[in-house]
Structures are given as C-alpha cells and as structure tokens.
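Colleague: I would like to go through the charged side-chain pairs. Please start with how to read them.

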Amino acid sequence: MIPAIFAAVHMSIASFPFDANYNVAQFLRLITYFIPLTGISLNYSRSISKQHQTNLKLDREIQEKKKIQQNLESRQNLLKYAESMANMGSWEMQTATDKMIWSDALYHVLNLNPHQTQPTLDAILELFQDDDKNNFKQAIQNCIKTQGSFQLEYQITDHQTSIQRFLQIKGQYIQTENKIIGTCLDVTKLKEATFKLEQNEAILKEAESISHNGSFEWNQGSSSIFWSDELYRIHGLDPQNIKLDFGFYKTLIHPEDLKRCESTVEKAFDLKRNFVIEYRIIKPDKEVRFLYGTAKIIIDKKTDAVKVLGTIQDITELKNTAILLEKTESIYKTIAKNVPDSAVMMFDKDYKLILLDGPIVKDLNFKTQPQTGIFLPDLYHDDLAEKIRKSLDKAFSGLEVSFEKKRIIVFTR
C-alpha cells in the first residue's frame, strides 16, 4: 500500500512529463507485488524455523522421557531382582479404601498364585494364626492413627505345603499419598539358623557346665577379654558385674604362679606358638582352685594381628584326687616294701591295675606279665578273675572283703 499511495501522490504533484511519472508509478506498483511475496516468504521461513525448533525441542523431550522410562524400567528390574534374591515382596494399601497392590515377588513369598488370588488384606490374614490376625489389624490401625511405622514377625502356615514359615512384615505411613507402603520378608531360614545357633550355644553351655570347662577369646591390641559364662563361674565371678581385662585377671592368679604364667604367655607370643599351662587361682571367697588352660594363637597374615582362642578347665577335683592317690600309693608302696612275703595291687573301678609292688610279685601266678594299665581278666584265669572282681565290687561299695586262694590271700578295702 505504501508504494501505491506514494505513486498517486507523485503523479498529482509532479511537474515531470506524464510518461516518466507513469513509469515511476508502474515501478512502484511492481514493488507492491514483491513486498507481499517477500513478507510471505519471510513469514514462511520464520514458521519453518519455529517448527524446526519445536521439533528439536519435542525430540529432546522424547529422548528425555525415553531415558526416564529406561531408568524406571531398570530400577523396577533391579527391585524385582533384589526382592527375588532377598526372598522379599512389597505392598501398598490405600487407607481410605483398603485397596492393596502387591509386587510379583510378594505372591512368591506368600506362595500364592497371582491369577487366583486378589491382592487383599484378607488374603494375607488367611495365612496367619488366629491370635496374629487381630494383632496385625491393630498394627495397621495404629500406623494410620500415629502416621508412623511398624515392624512385626509372624508365623504362617503355607496352605499348599502345610509348612510353617516365618515372615517379617514392615509398614510405613505415607501422609502425602494417604497410604501405607511395606515389605514382607521370609525369615524362615534365618529363624532356623538362629534356633540352631541357640541350640548349639545351649549345648555348649551345658557341656561346659558338666565338664567345668570355659572358653575365651582375646584380640591383640585390646585389653578386654571375652569369656563364656562358665569361665566366670569357674573363677567365682558374676559376668554381669565384672569388666574383665588382663590387669584384673592377674589379681586372681596365685602369687606363686603369676611369674610363671606371664613368662609362658610372653614366650608363646614371641614364638607365635600355641601353649598349655597349669596354674592356681584364688577366688573372691579365698578358695584356691587348680586350672588347666590350652590356647591357640591365630595370626592374620595380612595385618599380622594376633587372636588367641582357648579353654580353661577347673581340674581341682582331679588334682586333689591325683595328690591323694600319690600319697596313697606312697603309703602302700612303703608297706609292700617293708612287709615280707607280701604284694600290693590297686585297681580302679574299671578293674584296671594302677599299682603293683612288693617282694613276692615275681612269685605270683599271673596269666600274663603284670604291668600297670592291664585289666583284671588279663592278669588271672577266669575263675579267680571273677572271684576277685566280685570282691572289688564289694570294696567299691564300701565293704571290707578277704578270701584265701592257695598261696594268695586277698584283702579288698
């Protein structure tokens, strides 16, 4: 429009010849044709450019969405693998409608068919024992009321196999979505392992109590020592009220045995060698007890750290018996050597010969060469062996018995 108006004005006021003005007007009119075309071309070019930019933006958004989708699928697969390896399933429940969603792994954990079982709270409760059903419902109600969480453990019955299994169920209230999300973990194997461990510990404690034998563990660099309960009892200590370390333990060792114990332990550490030791302790009630310890030194080759594992047994009764036996043997040997035409023999309750001495031992009519450690049936022929055995039984019961056999007069006491 601008060139056309300009041409009309020019023709009305111009003093130039008409042909020249006409030519100018035609030229300007020609320009009026090009200007719209130019405008249309520029507008089209601009539209093409905007469309290209829009396409590039959409392509980037699509790529980002694909990447997000791939990450989501990867996370979902990772969750599935993790649930499968951990034997764990997940669930969520809308608190307003009680509508539930289960993961595929949860069906596997509960051993339910996803095509035949609807994901409902009743489907889970059906597996529980009667007392646990109300307990679980109450836990969910408290979780909603307090907007908190819960963790419970239940024993269920697998209806397909009739096998008892243990589940650990956790729940967490999500306030923004008004729902509870949770997990269900099969802890049957863990419970079985824990039960076996408890059994083994109970058996070990019972065995330690019967044998009066305790165990310990010590790591180099630490002054504290781990003791089993029986070891505390051996030393007359309460495991709940005593903090045990080397400094305290030295106060329990008999003063006459302390230096020898320290020397034995130091030498074992220097040589990295296992050791055994016999020593005395003084209990808090001043009673003296004899102990026998065995220790194994374990060395970590990477760190050169040292761990000591060992046992300590109370051998007081055995030691006292040995001392008494030694005194008794000494008495009987003295009698045997000083009484003419006599021999002294001692048997234990297994009819094993533990002492043989006297001037006429060589003249006795034995079945075989006599020596300590040999049993009664191997010393005498059947009739005499049986007669002596009966006499020994009476003697072990507290009676005094005697009988005569040719040149043998037997006294049992």
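Modeller: A salt bridge here is a side-chain nitrogen of Lys or Arg within 4 Å of a carboxyl oxygen of Asp or Glu. This is a predicted model, in which local features need pLDDT of at least 70 and side-chain atom pairs count only at pLDDT 80 or more, while totals for chains, interfaces and linings use all residues. Residues are numbered from 1 along each chain as its sequence is written, and side-chain values use heavy atoms, with hydrogens and water left out.

Colleague: How many salt bridges does the rule give?

Modeller: The count is 18.

Colleague: Where do Arg 389 and Asp 393 lie?

Modeller: Helices (H or I, at least four residues) and strands (E, at least two) are DSSP runs, numbered from the N terminus. The protein has 12 helices and 14 strands. Arg 389 and Asp 393 both belong to helix H12 (residues 382-396); they are 4 residues apart and therefore separated by about one helical turn.

Colleague: Which parts of the chain does the pair Arg 165 and Asp 186 link?

Modeller: The side chains of Arg 165 and Asp 186 form a salt bridge at 2.6 Å, N to O. This pair links distant parts of the chain, with Arg 165 in strand E4 (residues 164-174) and Asp 186 in strand E5 (residues 179-186), 21 residues apart. Arg 165 counts as buried at 11% relative accessibility, and Asp 186 counts as buried at 15%.

Colleague: What does Glu 317 form with Arg 289?

Modeller: Glu 317 and Arg 289 form a salt bridge, their closest N and O atoms being 3.1 Å apart. Glu 317 lies in helix H10 (residues 316-338) and Arg 289 in strand E9 (residues 288-299), so the pair ties together parts that are 28 residues apart in sequence. Glu 317 is partly exposed, at 45% relative accessible area, whereas Arg 289 is buried at 9%.

Colleague: Which residues are linked in a network of salt bridges?

Modeller: The network links Lys 283, Glu 287, Arg 289, Asp 314 and Glu 317.

Conventions
Buried means under 20% relative accessible area, exposed over 50%, partly exposed in between (1.4 Å probe, protein chains only).
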